[in-house]
Amino acid sequence: MTTTIDTRARAAVRDLTSYRPGKPIEEVKRELKLASVIKLASNENALGPSPKAVAALKQAVGSLHRYPESTCPILRAKVAKKLRVDPASLIFGNGSDEIIVLALRAFVDPGDEVVVATPTFLIYELQAKACGAEVSVVPLRDYRYDLTAMMKAVTPHTKLVFIANPDNPTGTYVTAKELKMFLGSIPDQTVVFMDEAYYEFVEASDYPQTLSLTEEQSLIITRSFSKAYGLAGLRIGYGIAREGVIAAMEAVREPFNVNSLAQTAAAAALDDTAFLSKTRRLVQEGRSYLTKELDRLSVRYVPSVTNFILLELGPRAQDIARALLSRGVIVREMSAWKLTGHLRVTIGTMPENRRFISALKQCLAQ
Ligand SMILES: Cc1ncc(COP(=O)(O)O)c(C=O)c1O
């Protein structure tokens, strides 16, 4: 939708461009009259949802007439046990997306500064601007967060700094050493938001383990059930921080922000270790297959630790995205990130990965 925003809307809102998600499969089928379409555009879990979550959901639907438990007590206890953190250091959201909004609402007044990178997850800048914040945007360097430059962008007026680790859309990460140096330079009034939506996919030994850092630092860590656990459609994620920081976000949280089915499914998915292992294996195998094939096709890409890969296709990128779509393959076109010449592809099942490569070969040959 491209309708102009009503002129009576707040000034901060009038200038915003709303977030456009990846195209849904059904929409592409309808519009292009295609019988078979695959979606490799939103970094979802190609295996579907956790089977344990699906089984638990079937039991839970009979209670839909009841409001959900506001504090997610069962899930909270499970996550706290798994992560070995105090249950009071957790907050649950309608997707980890909502924790971004809660952090902004809790810590940022209009006119305060927020530091973000570019390109990164678009919601940080969008929501910070909606709060009336002054947003400092720091470019990545060689597709990686430039924490030295971000450090320099922090002023006495900076209330929040967002770091996606790993980053979306690049799939790169900041190391434990880089993060330690960065956190050491951050003043007391600034809260650092570490978005770890893709945490479960990372195997690199120098990737920072951040949980223990919440004790000494104003740090909010977020994780998601949308990716490795396959529950994107239910919308559930959580934040971890020290109690005072959590209390600030709890103060602005709506009472029933996480629905009962999401709570039930997430609690069951946490126990589904077989599904998690299978998902990780699928992503590793898919990544290795795709990168080998891309090398063969001489297509450049950014090495990724996640379930997606950013491709550098040059001036033909948009045409290639359209040509892939006409062959029933939805990938993410990157103009919203101002990353011209790039496409992002989510790692799918092996048949999906093969179909993508075969379609890409045809498009490149055109
Ligand atoms: C970096 C990053 N953070 C957060 C999210 C949102 O995740 P959720 O579905 O938990 O709201 C995404 C989703 O794509 C993401 O890429």
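Colleague: In what order do the seven strands of the open sheet run?
Modeller: Bear in mind that this is a predicted model: local features need pLDDT of at least 70 and side-chain atom pairs pLDDT 80 or more, while totals for chains, interfaces and linings use all residues. Residues count from 1 along each chain as its sequence is written. Strands here are DSSP E runs of at least two residues, helices H or I runs of at least four, both numbered from the N terminus, and two strands pair if DSSP finds at least two bridges between them. The pairing is mixed, and the order is S2-S8-S7-S6-S5-S3-S4.

Colleague: Which strands sit at the edges?
Modeller: An edge strand pairs on one side only. That applies to residues 90–93 and residues 134–139, in other words S2 and S4.

Colleague: At what angle to S2 does helix H9 run?
Modeller: H9 covers residues 243–251 and lies across S2, S6, S7 and S8. With axes fitted to C-alpha atoms (for helices, over the stretch in contact) and angles from 0 to 180 degrees between N-to-C directions, the angle to S2 is about 30 degrees.

Colleague: Is isoleucine 38 buried or exposed?
Modeller: Isoleucine 38 belongs to strand S1 (residues 38–39). Buried takes 20 or more other C-beta atoms within 10 Å of a residue's own, exposed 12 or fewer, and partly exposed falls in between, with C-beta atoms placed from the backbone. Because isoleucine 38 has 23 such atoms within 10 Å, it's buried.

Definitions and conventions:
Contact = placed C-beta atoms within 7 Å.
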